[in-house]
Amino acid sequence: MTDEEDVKKSKSKEVCGYPLSIFFIVVNEFCERFSYYGMRAVLVLYFRYFLRFDDDLATSIYHTFVALCYLTPILGAIVADSWLGKFKTIIYLSIVYAIGQVVMAVSAIHDITDTDRDGTPDNLTLHIVLSMVGLLLIALGTGGIKPCVAAFGGDQFQDHQAKQRSTFFSVFYLCINGGSLLSTIITPILRGQECGIHSQQKCYPLAFGVPAALMVVALVVFIIGSGMYHKTEPQGNIMLDVCKCIGFAIKNRFRHRSSSYPKRMHWMDWAEEKHEKLLIAQIKMVLKVLFLYIPLPMFWTLFDQKGSRWTLQATTMDGNFGSLILQPDQMQTVNPILILTLVPIMDSVVYPLIKKCGLNFTPLRRMTVGMFLAAMAFVAAALVQIQIDKTLPTFPSSSQSQLKLLNMGSIPLTVTLPNNDPFVIEAATASANYLTFEEESIQVSFQSPAISRTISLAKNKRQTLLIPSNLSAPMWEVTDDVMAKPEQGANAIRFVNGMAGAVNVSTFGSIDYSSASNYSLISNGKATFTITNGANTCEYSREFGFGSSYTLLIPSHFVWGPTCSESISGVEDIQPNSFHMGWQIPQYFLITCGEVVFSVTGLEFSYSQAPSNMKAVLQAGWLFTVAIGNFIVLIVAEIAQIEEQWAEFVLFASLLVAVCVIFSIMAYFYTYMDPAEIEAQFRDKDGTEESDKEELQMQKKDFVDHHNEDDEAKQSKM
């Protein structure tokens with residue numbers, strides 16, 4: 001730093017001992033993290049329910065995006081340190097970031113291509129292209145500024161403000177977790193609202209629009225403080241120097257691959273002809289740590305699935321917590337809440353207690369435990385999935401048909417079906433379950449009165465036979481039922497009219513005698529329907545859970561009046577989500593414990609084992625392991641094609657346990673080092689070599705001054 005820069009920095013405004021400029025940086029970071037995590041919280045559901053991707057494709061695109069977000073910081077660091085400087089890099093890439101968020105919000109507006117106004121986009125290709133462009137810009141922006149903002153904040157402090165700088169970094173990371181926590185609470189609520197110009201649908205534009213607005217705010221706040229910042233000039237990037245040195249060593253070793261050349265202690269020693277020995281020694285230390293990073297991506301493979309697979313798992317669960325209704329994507333808030341709770345507990349209670357017990361809980365052992373805890377989290381997720389699967393309906397295969405019988409009359413009926421014992425259907429109710437048949441048509445027989453009908457069935461479908469009160473009626477209607485769990489926790493509801501005359505039901509329209517309405521999706525909670533025949537009106541209310549399907553029957557003996565709603569019966573076609581979302585908390589607890597023990601310790605270990613000027617290289621390596629971990633999810637999701645979700649969870653847990661064993665063996669043979677001591681040895685050696693050179697020069701000078709002495713004396717002096 002020059003004297004001019006020192007003077008300029010010392011004249012910067014201060015508040016309570018802190019440079020005023022850092023307050024703009026803190027606000028900027030909070031808004032940017034809110035923007036990123038808010039958008040990411042609803043992303044997999046946007047892929048699944050708006051763009052209509054299947055679970056595997058939604059998971060793959062999600063993890064590709066996350067991987068890019070952890071690859072681009074390397075590019076951002078190189079651009080900032082070698083070309084633009086931190087300030088300009090943050091400004092330019094924040095503009096790219098904000099544009100990406102706006103494009104994402106626009107891509108979620110279904111009315112853009114909804115020409116028939118039915119609530120679904122007619123040209124999904126346009127929405128997919130816009131969303132992919134938006135995500136690419138966001139990945140470039142958020143990754144590019146990631147390594148710059150914290151370092152730029154640290155640049156604002158003077159040498160005597162070490163305490164304030166330490167406090168700043170604590171507040172900085174608190175803002176990261178605060179922004180993450182608030183955004184994962186708020187954006188799922190916004191997504192759960194309904195909005196639209198011509199038709200009301202889940203409000204993804206608002207869920208993406210608010211993070212976009214926060215990113216614009218972050219950019220504006222950062223620009224406002226531009227006159228107060230201390231801006232350092234680009235001074236070169238150590239990562240480029242490391243790459244050049246490694247590249248030269250490899251190239252030089254290849255040139256001298258012949259056995260005629262003597263071997264060297266380490267392959268990096270082949271760079272000695274061009275690079276300093278100190279730099280080579282520092283790179284050796286870094287490579288030693290990077291070798292330990294090889295197994296680490298598998299941890300991130302599991303960890304980042306809490307935003308994809310675990311969120312999709314939550315869509316099939318009951319989110320009713322009494323007075324609080326949780327959206328599936330809001331379960332992710334458990335992670336930042338537990339982080340804020342567990343980090344101080346680990347540092348203040350758990351680690352000191354382990355130390356008092358006389359156990360040597362080294363950083364690498366902590367990381368091994370963290371990996372094991374993450375594996376156990378996926379075992380817990382598999383157990384939860386097994387319980388969920390028990391509540392899910394079994395649909396017919398391509399060679400099967402399923403049939404349910406609905407008695408719309410006022411008397412019980414005894415029914416006989418092929419390959420089934422006779423059973424009784426009470427008045428205004430349906431058969432208990434769907435019956436599965438292989439035949440294309442079946443004979444339905446009734447004992448009293450004795451009537452038989454041949455019913456044609458459709459393969460790979462669920463159907464309901466509407467049995468009228470008058471069994472002699474010429475036409476019996478067979479309706480097609482829903483063939484999948486209703487999406488996003490909604491309830492598929494329809495009405496069946498068993499009365500002798502048409503009725504009109506709010507939301508469903510007019511329903512003829514012995515006919516069924518179309519299905520309508522109803523949100524969880526209490527719903528009220530108005531039934532009328534023109535002369536009379538009846539109000540019918542019912543509570544709905546998550547993910548169910550009901551057929552509401554207006555029976556033949558329906559009577560208008562104050563108690564009219566009591567005679568309307570509900571037939572459960574698909575049971576609501578019954579396994580509670582709270583059962584995900586143990587897996588979130590285990591994965592967060594693993595994160596605290598693994599991630600925090602891993603960064604601490606890496607920094608302690610890295611030379612002072614190589615910490616950025618290890619940071620890049622650490623982020624690279626996160627990116628590789630997300631690519632592994634993509635490969636497994638697309639290639640493995642495991643049908644049972646619980647089996648995929650077990651596969652990931654098994655892989656991490658295997659990797660955990662490998663890592664523990666590598667850790668056992670790892671020797672901890674003191675980079676400062678090693679660097680000092682090389683500096684001392686360089687200093688000794690310089691002293692020897694100076695002494696040699698003095699001896700040469702002395703030789704010239706005494707050139708008249710005999711040769712033997714000259715040789716002895718030399």
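**Notebook: strands, salt bridges and patches**

I began with a hairpin: β11 and β12 form one, with four residues between them. A reminder to myself before going on: this is a predicted model.

**Entry 1: around β11**

I looked up how β11 and β12 are held together, and found six bridges joining β11 to strand β12 (residues 451-456), with the two running antiparallel.

Strand β8 (residues 413-416) and β11 pair over two bridges, in the antiparallel sense.

Next I checked the two faces of β11 (residues 441-446). Ile442, Val444 and Phe446 make up the covered face, while Ser441, Gln443 and Ser445 make up the uncovered one.

I moved on to β13. Is this strand mostly covered or uncovered? I found it mostly covered, with six of its seven residues buried.

I then looked for its partners. Strand β7 (residues 401-407) runs parallel to β13, and seven bridges join them. Within this pairing, Lys404 has Thr464 of β13 as its bridge partner. With β14, the pairing of β13 is antiparallel and rests on four bridges. Here I noted Leu466, which stands opposite Glu477 in β14.

Asp480 and Lys461 form it, and their closest N and O atoms are 3.3 Å apart. Asp480 lies in strand β14 and Lys461 in strand β13 (residues 461-467), so the pair ties together parts that are 19 residues apart in sequence. I looked up the accessibility of both ends: Asp480 is partly exposed at 41%, and Lys461 is partly exposed at 33%.

How many salt bridges does a search of the whole structure find? I got 13. I picked out a few to follow.

Glu32 and Arg33 form one, with 2.7 Å between the closest N and O atoms. Are these two buried or exposed? Glu32 is buried, with a relative accessible area of 2%, and Arg33 also counts as buried, at 5%.

The side chains of Glu487 and Arg48 also meet in a salt bridge, at 3.9 Å from N to O. Why did I mark this pair as one to come back to? Glu487 lies in the loop between β14 (477-480) and β15 (491-497) and Arg48 in helix α3 (residues 43-50), so the pair ties together parts that are 439 residues apart in sequence. Glu487 counts as partly exposed, at 26% relative accessibility. When I followed the contacts on from this pair, I found a network of salt bridges linking Arg48, Arg52, Asp55 and Glu487.

**Entry 2: two asparagines with positive phi**

I looked for positive phi values in residues other than glycine, and noted two asparagines. Asn419 has phi near 60°. This residue is found in the loop between β8 and β9 (423-425), and it is exposed, with a relative accessible area of 71%.

Asn460 likewise has a positive phi, of about 60°, without being a glycine. Where does Asn460 sit? I found it in the loop between β12 and β13. At 36% relative accessibility, Asn460 counts as partly exposed.

**Entry 3: patches on the surface**

I finished with the surface. Which residues form the nonpolar patch? They are Phe372, Val657, Val661, Ile665, Tyr668 and Phe669, and together they have about 650 Å² of accessible area. Helix α17 (residues 645-668) gives the most to this patch, with four residues. I checked Ile665, which lies in helix α17 and counts as partly exposed at 47% relative accessibility.

There is a positive patch too, formed by Lys244, Lys251, Arg255 and Lys274. From this group I looked up Lys274, which is found in the loop between α9 (238-255) and α10 (277-292). Lys274 is exposed, with a relative accessible area of 60%.

Notes:
Residues are numbered from 1 along each chain as its sequence is written. This is a predicted model: local features need pLDDT of at least 70, side-chain atom pairs count only at pLDDT 80 or more; totals for chains, interfaces and linings use all residues. Side-chain values use heavy atoms; hydrogens and water are left out. Patches are made of residues with over 30% relative accessible area and no salt bridge: like charges are joined within 9 Å, nonpolar side chains (Val, Leu, Ile, Met, Phe, Trp, Tyr) within 5 Å. Accessible areas come from the Shrake-Rupley method with a 1.4 Å probe; for residues, only the protein chains shown count as cover. A salt bridge is a side-chain nitrogen of Lys or Arg within 4 Å of a carboxyl oxygen of Asp or Glu. Lys and Arg count as positive and Asp and Glu as negative; His and the chain ends are not counted. The place of a charge is taken as NZ of Lys, CZ of Arg, CG of Asp or CD of Glu. Buried means under 20% relative accessible area, exposed over 50%, partly exposed in between (1.4 Å probe, protein chains only). Two strands pair if DSSP finds at least two bridges between them.
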